[in-house]
Amino acid sequence: MTNPNRLRIGLLGFGTVGQAFTRLVLKERGRLLRDHALDLEVVAIGNRRIDEKRAGWAGEGVRFTDDLASVATDPGVDLVVELLGGLEPARSLQTAALSAGKPVVTANKMLFAHHGEELAALAREKGVSLGLEAAVAGGIPILRALRESFAADTLTSVSGILNGTSNFILTTMEATGRSYADVLAEAQRLGYAEADPASDVEGNDAAYKLALLARMAFGTSVPVSAVRCSGITHLLPCDFEYARMLERTPRQLAVARRVGVDGALALSVSTHLVSQRSLLAKIEGPFNAVAVEGETGGTFVLSGRGAGGGPTATAVLSDVIEIARSGARPGVPPLGVHAFAPFTAASPAASVSAVALRFVVKDAPGIIASISRILAENEINIDAVFQTRGEDKAALPFVVTLEPVAGDGLARALEALAALPFHQKPPVAFPLTD
Ligand SMILES: NC(=O)c1ccc[n+]([C@@H]2O[C@H](COP(=O)([O-])OP(=O)(O)OC[C@H]3O[C@@H](n4cnc5c(N)ncnc54)[C@H](OP(=O)(O)O)[C@@H]3O)[C@@H](O)[C@H]2O)c1
């Protein structure tokens, strides 16, 4: 770097977050110069079809180009910010920038979930920094907290609401009683859900973030494929009604938990019925929350805006500021630890939880008896049965709550239950979480 206090930034990707980041740098530039003696400037912006993207407000001296590789290796650029998203060309461009000795800052959770260790190793080899605070939970400074503050404790779990789109849909369905499809359409109109919402509503986006969090929390090479993942697309208005009867509310939770003493991890993204008294039940709309539990410190919860151009841009700029302050020399390793332990998946038998089973059936005599028989065969105890006065006997919903049950026994029972002839929808299991 030519001058430790001056940092010339090359930006790859001038979309929602790229534009918000550029505006934020312009807005905060005077304050950062005055209070922190840091002179930050975006000098080059790369994007495809750049003629459609040129923006006078970005500053007169900015070089706009559709040659992204020229930005990644530009000698006039001290630090590269990658806000393209996706695996390629983001991976090659980050590799080129790091190989050229330039620090990189990114919000790309998908790339980091798949190739984070490779990029972190390259950054270490080249002696440059790599910032990815914006990759998980938008504006919430959770990765920095895990890398630094929580390094003092042995962590037992990291969990939370990591996908704002799903949380918006669930909390709106709850408040209005409307259907999933109806609320999804509203989320798309409001810009909370993409035209193709699959990654958000099927849980993959939360799984990428959870894999990253778990790597940092437990110092283990967690593959994304280790996250057991289910979405929110199967939720029905009646699920909210039954949740209320149980003094609970549905939330899509991403959970990574150390199970047993051998460091084995259980990882899942699924819809839980959380207690109305819990902090997670208070997280409404597109907000995110992350809970970190340590052996000595207990539980801490951070919450805030998990997406959107502005909040995500603040996390990107916070990484840029940290790098500028450290003179671009890497301090703390980007993924928190210097070396990762091999990943061990916990056996499903080790994950025990109370559960609510929701059924929608064509009414007939003997249904509860058939369900009870299968649960008893799998040594699962029923806690209670709930049924509102159903009008539609052809598609009657009811809920059976179970006493704490191990994951393997529950999976066997669900398979047998699903084969019963009276279902109008496949049975669904919701873990009950306090
Ligand atoms: N938006 C959020 O709230 C949020 C929150 C946290 C993290 N993130 C992460 O931030 C990153 C950027 O997200 P975003 O919402 O800003 O996305 P976006 O609005 O789609 O912006 C991406 C930009 O990169 C450009 N681009 C994509 N692929 C390219 C390629 N192959 N060559 C050249 N240009 C390319 C796009 O050009 P076109 O316009 O021509 O497609 C667009 O301008 C992603 O990694 C995302 O996961 C976003």
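This is a predicted model: local features need pLDDT of at least 70, side-chain atom pairs count only at pLDDT 80 or more; totals for chains, interfaces and linings use all residues.
Helix α11 (residues 309-325) lies across β1, β2 (39-46), β4, β5 and β6, and runs at about 160° to β5. Axes here are lines fitted to C-alpha atoms, for helices over the stretch in contact, with angles running from 0 to 180 degrees between N-to-C directions. Helices (H or I, at least four residues) and strands (E, at least two) are DSSP runs, numbered from the N terminus. Residues are numbered from 1 along each chain as its sequence is written, and side-chain values use heavy atoms, with hydrogens and water left out.

Now for the sheet itself. Six strands make up an open sheet with parallel pairing, in the order β3-β2-β1-β4-β5-β6. β3 (63-65) and β6 (130-131) sit at the edges with a single partner strand each, so one side of each has no neighbour in the sheet. Two strands count as paired if DSSP finds at least two bridges between them. Contact, throughout, means heavy atoms within 4.5 Å.

Thr-22, in helix α1 (residues 16-36), makes a handy stop on the tour. With 1% relative accessibility, Thr-22 counts as buried; the label means under 20% relative accessible area, exposed means over 50%, and partly exposed is in between (1.4 Å probe, protein chains only). Setting aside neighbours within four places in sequence, Thr-22 is in contact with Leu-11, Phe-14, Val-42, Ile-45, Trp-57 and Ala-58.

Zooming out, the protein splits into domain 1 (6-138 + 309-325), domain 2 (149-304) and domain 3 (348-433), with bounds taken from an automatic or database domain assignment. Between domain 1 and domain 3, the C-alpha centres lie 50 Å apart.

What about the nonpolar cores? A nonpolar core is a set of buried Ala, Val, Leu, Ile, Met, Phe, Trp, Tyr and Cys residues joined through side-chain atoms within 4.5 Å. The largest one holds 57 residues, and Ile-142, Leu-146 and Leu-213 have the most contacts inside it. Helix α9 (residues 204-218) gives the most to this core, with eleven residues. Domain 1 and domain 2 each supply at least three residues to this core. Not counting residues up to four places away in sequence, Ile-142 touches Glu-133, Val-136, Ala-137, Leu-213, Val-290, Val-292 and Leu-302. Apart from this core lies another, of 44 residues, among them Val-183, Ala-356, Phe-359 and Ile-367.

Val-183 leads over to helix α7 (residues 180-190), whose buried residues are Tyr-180, Val-183, Leu-184, Glu-186 and Ala-187. Seen down the axis of α7, these residues fall within an arc of 160°, so they line one face of the helix; the arc is that of the directions from the helix axis to the C-beta atoms. Turned away from that side, the opposite face carries the exposed residues Ala-181 and Arg-189. Cover for the buried residues of α7 includes α6 (164-176) and α8 (198-201). Just past α7, Gly-191 takes a positive phi of about 85°. Leaving out residues up to four places away in sequence, Ala-193 touches Thr-165, Leu-184, Ala-187 and Gln-188.

Strand β9 (residues 248-258) has nine of its eleven residues buried, so the rest of the structure largely encloses it. Strand β7 (residues 155-161) pairs with β9 in the antiparallel sense over four bridges, while β9 and strand β10 (residues 265-275) pair antiparallel over eleven bridges. Ala-254 of β9 is the bridge partner of Gly-160, and in β10 the bridge partner of Ala-254 is Val-269. The hairpin of β9 and β10 has six residues between the strands, and there Gly-260 takes a positive phi near 80°.
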